[in-house]
Amino acid sequence: MGRVIVVGAGLVGALLSILLSKRGCEVEVFERLPDLRQSNVVNGRAINLTLCQRGYSALDCAGVGDIVRGLSVPVYGRMIHSVKGDLTFQPYGENREAIYSIMRNDLNRALLDYAELQCGVNFRFREKCLDVDLSGISVQMTNSGSGLTTQHTGDRVFGADGAHSVVRQHLQRASRFDYVQRYWEQGYKELSVPANAGHAWTEHRNALHLWPRRDYMLIGFPNLDGSFTCSLHLPYEGNSSFASITTSDALIDFFNGSFPDAVEAMPSLVEDFFSSQPSSMLTIKCSPWTHGNKLALVGDAVHSILPSYGQGANAGFEDCEVIYHCMEEYGDDWGRIFQEYESRRRPNTDAIADLCIEHFSELRDRVGDPKFILRKEIERKLTSACPELYQDLYYMITFTPIPYAEALRRNQAQTAIVDQILDNYNLSAHTTTVEGTNLIDKLIQERLAETRLSAKKLASTLSPLHH
Ligand SMILES: Cc1cc2nc3c(=O)[nH]c(=O)nc-3n(C[C@H](O)[C@H](O)[C@H](O)COP(=O)(O)OP(=O)(O)OC[C@H]3O[C@@H](n4cnc5c(N)ncnc54)[C@H](O)[C@@H]3O)c2cc1C
C-alpha cells in the first residue's frame, strides 16, 4: 500500500498511523513537539476528554479499545449543581449508558505505544512541517533540536496537524478551496480538584459535574485517581469575564457567588486561574478535504468543532475508521478511497459542527432550566417507552453509530413529538420540586398510551433506526 507520511502525532494522527499500518502501509509520523511519553508535554489543549461509542468503535477496529477502556472513568450522567449546592443527577439513559472520561496524555501515550511497538510505525518527534509540495508529493520539516531542515517524499500524505494545520494551509492556496472559521465568544481555563478533596460532591465520581450559570459554566471531569479536572467557560469581556476577574479577591468572590461548593474543593484555584491565559475554541469547516489521490486531511485539521457534545476526537477517530473501511473496500485505488472518505464524512462533520454550537448554548443556558429538565424528562420517558421509534439527539450522537447528519434529520422530526406533548398537557408550569417531578411522572404515565400513539404517528415519517 506504499509509504505514507502522517503530519501530527496527536490523538487522530496516532490512531490513523495504526490503522494505516494494519492495512499494509509503511507509516512515518512527524510531530512538532517532543515525545510526550518522555517529556509529559501538554500541547495547550484540554487535559481531559470524554470518549463515546463512536470513538471506541474506531479504537476497537485498531485493537486498542480495551487498553483505552482501562485508562478511563465511566460516566453515567450529568450531576447538575445549583448555586445553593443542590445536586440533581440526570442519567444519560435507562440502561446505565456511559461515556468515558480520560486524560488526553494517557490516551495519546497508549496510542503512540501501540503504534510503535505493535505496528512498527516510525515516529519522528520535534519535526515541524513547514511546507507541503502538492505536486510531489513531499513535505519539508525542520527539527527544533538540531535546526536541520529536511525534505521527505511519500506516496501519500495525511494532514493530522490539528485546527491550525499547516498542511491545510497549503491546500487552501489551491483553487476553489472553501474555508470557514469562527471563534466561539467564550474561552476556557482548567482548574484542578485534587483526590480526596473532602467535599461530598466529589464522591460522585461516575458523573460529569455541571454548574450551568446562564452566561458561563463550570464542568468537572472525573479522573482515574479520584481527582477532577474542571473547565471554566467564561466570556472574554464584560461582567463575569476573564477580563473582569483580575485579582485573587475578585476570583474568590466570583466563585463564592457562583460555584460555592466547587471553590471549597479547589485549593489551588488562584494559582490555576492566574497561571494561564484563557484558551479559545473554534469551528472550522472546509472543502475539499483531499487533493487527488495524494493527500487527505483528518481530525481537527479538517473539522474543528466546539466541545459541547464531546465529539471532536470521537469524530476524528471516526474519520480514521472510515478511511480504514474504504481501504478494505477499494484496495489501493486511493483516488476512490479519498473520494468516498470525503463524501461519507463531510456532510456529517458539517452537521455536528452546527449541532455543537447549538448545544453549547443549551448546556450553558438551559441545562438548569425547569422547562429544559421537563423536556429531557419527557424525552427520556419516550425513549424508554418506544426505543425503536424515539431516541433523543444526545443519545443518538453519543450512544449510537447513527451518522451525525441523519441524527440531526431524525431529531428535527422527533422535536415535534415532544412539542406536541408539552402543548397538549401544558406541563411547563411544573418545576423541579419533588411534587412537580412526581406529577410530571404521573401525567406521563397516564398519557403513555397516547404518547405512544402520537410518537408512532409522527415516527412513521422516520426511517427505522440502525439497531
Ligand atoms: C476544551 C476542549 C474540550 C474537548 N473535549 C472533548 C471531548 O470530551 N471529547 C472529544 O472527543 N473531543 C474533545 N475535544 C476535541 C479534541 O480535543 C480534538 O478534537 C482532538 O484533539 C483532535 O485531535 P487531532 O489529532 O485532530 O488534533 P490535535 O489534538 O490538535 O493534534 C494535532 C497534532 O499535530 C501536531 N502539529 C501541529 N502542527 C504541526 C506541524 N506543523 N508539524 C508537525 N506536527 C504538527 C500538534 O503538536 C499535535 O500533536 C475537546 C477540545 C477542547 C478544546
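The model is predicted. Its largest nonpolar core has 67 residues, and another core, of 32 residues, lies apart from it. Helix 1 and helix 5 run roughly parallel to each other.

**Nonpolar cores**

- In the largest nonpolar core, the residues that touch the most other members are Leu15, Leu20, Phe158 and Phe317.
- The separate core of 32 residues includes Ile99, Phe221, Ala351 and Leu355.
- Beyond its neighbours within four places in sequence, Phe158 is in contact with Val4, Ile5, Val6, Val7, Leu16 and Leu20, among others. Its contacts also include Ala296, Val298, Ile323, Trp334 and Phe338.
- In soluble globular proteins, nonpolar side chains tend to be buried together.

**Helix 1 and helix 5**

- Helix 1 spans residues 11–22 and helix 5 spans residues 104–119; their axes come within 9 Å and cross at roughly 25 degrees.
- Angles under 35 degrees count as roughly parallel, and the two helices are therefore placed in that class.
- The crossing of helix 1 past helix 5 is left-handed.
- From helix 1, the contact is made by Leu11, Ala14, Leu15, Ser17, Ile18, Ser21 and Lys22. From helix 5, the contributors are Arg104, Leu107, Asn108, Leu111, Leu112, Tyr114, Ala115 and Cys119.
- Sorted by class, this contact comprises ten nonpolar, three polar and two charged residues.

**Phe123**

- Phe123 belongs to strand 8, which covers residues 122–124.
- The relative accessible area of Phe123 is 9%; buried means under 20%, so Phe123 is buried.
- Not counting residues up to four places away in sequence, Phe123 touches Ala9, Ser17, Val29, Leu112, Ala115 and Glu116.
- Val6 is 117 residues from Phe123 along the chain, and their C-alpha atoms are separated by 9.4 Å.

**Phe221**

- With a relative accessible area of 15%, Phe221 is buried.
- Leaving aside neighbours within four places in sequence, Phe221 is in contact with Asn48, Thr50, Ser101, Leu208, Ser227, Phe228, Thr229 and Ser231.
- Phe221 and Thr50 are 171 residues apart along the chain, with 8.4 Å between their C-alpha atoms.

- Within helix 3, residues 53–62, the buried residues are Arg54, Gly55, Tyr56, Ala58, Leu59 and Ala62.

Methods:
Residues numbered from 1 in each chain as written. Predicted model: local features only at pLDDT ≥ 70, side-chain atom pairs only at ≥ 80, totals over all residues. Heavy atoms only, no water. Buried < 20%, exposed > 50% of the residue type's maximum accessible area, 1.4 Å probe, protein only. Helix = DSSP H or I, 4+ residues; strand = E, 2+ residues; numbered from the N terminus. Core = buried A, V, L, I, M, F, W, Y, C linked by side-chain atoms within 4.5 Å. Contact = heavy atoms within 4.5 Å. Axes fitted to C-alpha atoms, helices over the stretch in contact; angles between N-to-C directions. Parallel < 35°, antiparallel > 145°, perpendicular 65-115°, else oblique. Left-handed = near helix turned anticlockwise from the far one by under 90°. Nonpolar A, V, L, I, M, F, W, Y, C, P; charged D, E, K, R; others polar.
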